[in-house]
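Please read them with the coordinates open.

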Amino acid sequence: YIARGNVCDWGDCWGNRVDRFLMGVGYFDGKKPSLLITRGYYEKSVLQAWDWRNNSLTTRWTFDTTNPSWTAYAGQGNHNLSITDVDNDGKDEVIYGSMAVDDNGTGKHNTGLGHGDAMHASDLDPTRAGLEVISIREWNNPAHGIHMRDASTGSILWSKPCTAPPAEEGPGRMLSLDVDPRYAGFESWCVGGGIPGVFDAKGNLVSSVTPTTNFGIQWDGD
């Protein structure tokens, strides 16, 4: 299990950020599902994969940012995660905010950009090989208010800086959907940080109007 430990290790000392949990299901061996349970985004983060096999529950792996090998991965989590095969090896990885954990529970990549509220992982740009992740940075990274990265390597493909005053936080919400057939792939936009408009999968501004960001439904008309 993921021990609560010292409350202050998780991002504050008054108990707000110690209890931030996420869950998911991944095929980390490429064959059978495993349960993923996580705790912590802002500083310490722990991810554990569990297997139910032959009427027995066992831990597959634990990724803990207090491990000396992974201390640089602390503080990279979002309020959501995505589980998908980012390197096309038939096994799932975990996209955890600004970082990714490999199918074997080791660090896959770490952008070091820190905490953000929202992200999407998919084949956002069909004109390039592999998958992409688009995310926002809520604070401390004005150069990367909204940005897209390679889902396997973590390399930044494009980024838009915050233009709001330094006292303001960066974007707190974003959405990425394939809503405009004139452009290949997904269109993306965010709210906050002084980054108006809609961007195509290459980061080009395609509309100066910023739509709503909380939740999205694609209606196909049938």
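1. Basis. The model is predicted, with local features requiring pLDDT of at least 70 and side-chain atom pairs counted only at pLDDT 80 or more, while totals for chains, interfaces and linings use all residues. Residues are numbered from 1 along each chain as its sequence is written, and side-chain values use heavy atoms, leaving out hydrogens and water.

2. The four-stranded sheet. Strands here are DSSP runs of E with at least two residues, numbered from the N terminus, and two of them pair if DSSP finds at least two bridges between them. Four strands make up an open sheet, ordered β1-β2-β3-β4, with antiparallel pairing. The edge positions belong to β1 (21-26) and β4 (56-64); each has a single partner strand, so one side of each lacks a neighbour in the sheet. On average, neighbouring strands of this sheet are turned by 20 degrees against each other, direction ignored; the axes are lines fitted to C-alpha atoms, and angles run from 0 to 180 degrees between N-to-C directions.

3. Six bridges connect β1 with strand β2 (residues 34-39) in the antiparallel sense. Met23 has Ile37 in β2 as its bridge partner.

4. Strand β11 and its cover. Burial is judged by relative accessible area: buried is under 20%, exposed over 50%, and partly exposed in between (1.4 Å probe, protein chains only). In β11 (residues 146-150), five of five residues are buried.

5. Partners of β11. Strand β10 (residues 132-136) runs antiparallel to β11 and is joined to β11 by five bridges; Ile136 stands opposite Ile146. Strand β12 (residues 156-160) also pairs with β11 in the antiparallel sense, over four bridges, and there Ile146 faces Lys160. β11 and β12 form a hairpin with five residues between them, and Gly154 in the turn has a positive phi of about 85 degrees.

6. In one of them, Arg39 meets Asp19, with the closest N and O atoms 2.5 Å apart. Arg39 belongs to strand β2 and Asp19 to the segment before β1, so the pair ties together parts 20 residues apart in sequence. Arg39 is buried at 6% relative accessibility, whereas Asp19 is partly exposed at 35%.

7. Asp29 and Arg53. These side chains form a salt bridge at 4.0 Å, N to O. Asp29 lies in the loop between β1 and β2 and Arg53 in strand β3 (residues 46-53), so parts 24 residues apart in sequence are tied together. Asp29 is partly exposed, with a relative accessible area of 22%.

8. Arg128 and Asp150. Their side chains meet in a salt bridge of 2.9 Å, N to O. Arg128 is in the loop between β9 (119-122) and β10 and Asp150 in strand β11, so this pair links parts 22 residues apart in sequence. Arg128 is partly exposed at 24%, and Asp150 is buried at 11%.

9. Network. Through shared partners, salt bridges join Asp29, Asp51, Arg53 and Arg60 into one network.
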